[in-house]
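Here's a quick look at a ligand site and at some ring pairs. Have the model open while you read.

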Amino acid sequence: MNARAAELRGKGLDVFAFGVGEPDFEPPHFVLDAAKAAIDKGVSKYTAVTGIPALKQAICKRTSEVRGWSPKPSQVTVSVGAKHALFNLAIALYEPGDEVVIPAPYWVSYPEQVKMMGATPVHVETTEASGFKMSPDAFAKALSPKTKAVILCTPSNPTGSAYSEDELRAIVEVWKTKSESYLVVDEIYADLVYDGFKHVSAARLASDVAERVIVIDGVSKTYAMTGWRIGWSIANEKVAKALDTVQGQSTTNPTAVAQHAAIAALTGPQEEVEKMRRTFEKRRAAMVEGLRSIPGVHCRMPEGAFYAFADMRALYGIPYKGKPIASDEDVAFFLLDEAHVAAVPGGAFGAPGYVRFSYATSEERIAGGIAAIKKAIAAARP
Ligand SMILES: Cc1ncc(COP(=O)(O)O)c(C=O)c1O
């Protein structure tokens, strides 16, 4: 998809970028200033493997302020992005024979990292009707004595769904009582929630079994800092020590200057984050309502992140390249070729029939892309 989108752009065509997984904003200016100041101060050497103490302290302080529980710096491992934090965790925890429970739709890296370690992903299917959230019963059935970990992403990439406090409490209760496994909670989108939705950290709800909860977070999405590559895990000290060993033999430390930028992001004023969140909230409405205005297309209003996840099966049967559209991948290629809209087919996330539309782009572009989709459908329908 990316290659085809690049090819079209290379031909001078204006492609609507609804496939992107990163905010289209700049990081707050004081973050960039802090990075420049760090360079000028000579921040050019190796740091402690799991991150500089000031950053770990900033992570703990912010976690306690916005997530409502208080980890210790010794539990924090700062890595080269949240994806790297998850990969370190996979190396440290998963072995052949282990099962890792992952609700579907899922972020693509979760099952791939599990498989790379020779362990087995076990998916719990969810539906649009259930808000793409697991029922406690379905979750319980997926747990087994082989379960090493459960990976929960809330708010979710790709669906934007987020568990309410009651929903999460019910899931945590099942996990706590039926399994000895770790609960890995990816909270990378937790600051981007809408309509007054309150994100609740599973770590707060499971404080009595805190040693089995591992939180993944980072600056990529909240501060529009994807390229700086700073993410982290918060785990019990034994797991944190294992992560220190894993990271010590791979990247050593995350980039020193990027760590200083992350300190500024976490400790500086948070107004920019709120401004970005409010902008995303408006775009979410534009994207979801736009998709819903396409006859037959369903799209749930997501609680968070910056993705709309739409059931596009209404487009099946439309002739495209001499054949009727028959899959989400066909839909995505049709949208790209005929409407110049780049979006990600749901099959990649374990949800065939769906397509993920990112609204990390302006309302004008969203309106333009939706209009182009409608025009392409009208022209293609026999
Ligand atoms: C759910 C989820 N977790 C983790 C990541 C990785 O974030 P980072 O850029 O910090 O590696 C992403 C990025 O798309 C994501 O969507």
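The shell around the ligand counts 13 residues, and those coming nearest are Ala82, Asp186, Tyr189, Lys221 and Arg229. To be near here, a residue needs one heavy atom within 4 Å of the molecule. Keep in mind that this is a predicted model, where local features need pLDDT of at least 70, side-chain atom pairs count only at pLDDT 80 or more, and totals for chains, interfaces and linings use all residues. Residues are numbered from 1 along each chain as its sequence is written, and side-chain values use heavy atoms, with hydrogens and water left out.

By type, the shell splits into six nonpolar, three polar and four charged residues. In that scheme Asp, Glu, Lys and Arg are charged, Ala, Val, Leu, Ile, Met, Phe, Trp, Tyr, Cys and Pro are nonpolar, and the others, Gly among them, are polar.

Now for the polar contacts, meaning pairs of N or O atoms within 3.5 Å:

| Residue | Polar atom in the residue | Ligand atom | Distance |
|---|---|---|---|
| Lys83 | backbone | oxygen | 2.9 Å |
| Asp186 | side chain | nitrogen | 2.6 Å |
| Tyr189 | side chain | oxygen | 2.7 Å |

On its own the ligand exposes 400 Å², and the protein buries 92% of that (Shrake-Rupley areas, 1.4 Å probe).

On to the rings: there are 13 aromatic pairs, counting Phe, Tyr and Trp rings (the six-membered one for Trp) with centres within 6.5 Å. Phe16 and Phe18 make a tilted pair, because their planes sit at 45°, with the centres 6.1 Å apart; stacked means under 30 degrees, edge-to-face over 60, and tilted the rest. Phe16 is buried at 11% relative accessible area, and Phe18 is buried at 0% (buried is under 20%, with a 1.4 Å probe and protein chains only). Phe25 and Phe280 pair edge-to-face, 5.4 Å centre to centre with 90° between the planes.

Methods
A polar contact is a pair of N or O atoms within 3.5 Å; within protein, one must be able to donate a hydrogen and the other to accept it, and residues adjacent in sequence count only if both atoms are side-chain atoms. Buried means under 20% relative accessible area, exposed over 50%, partly exposed in between (1.4 Å probe, protein chains only).
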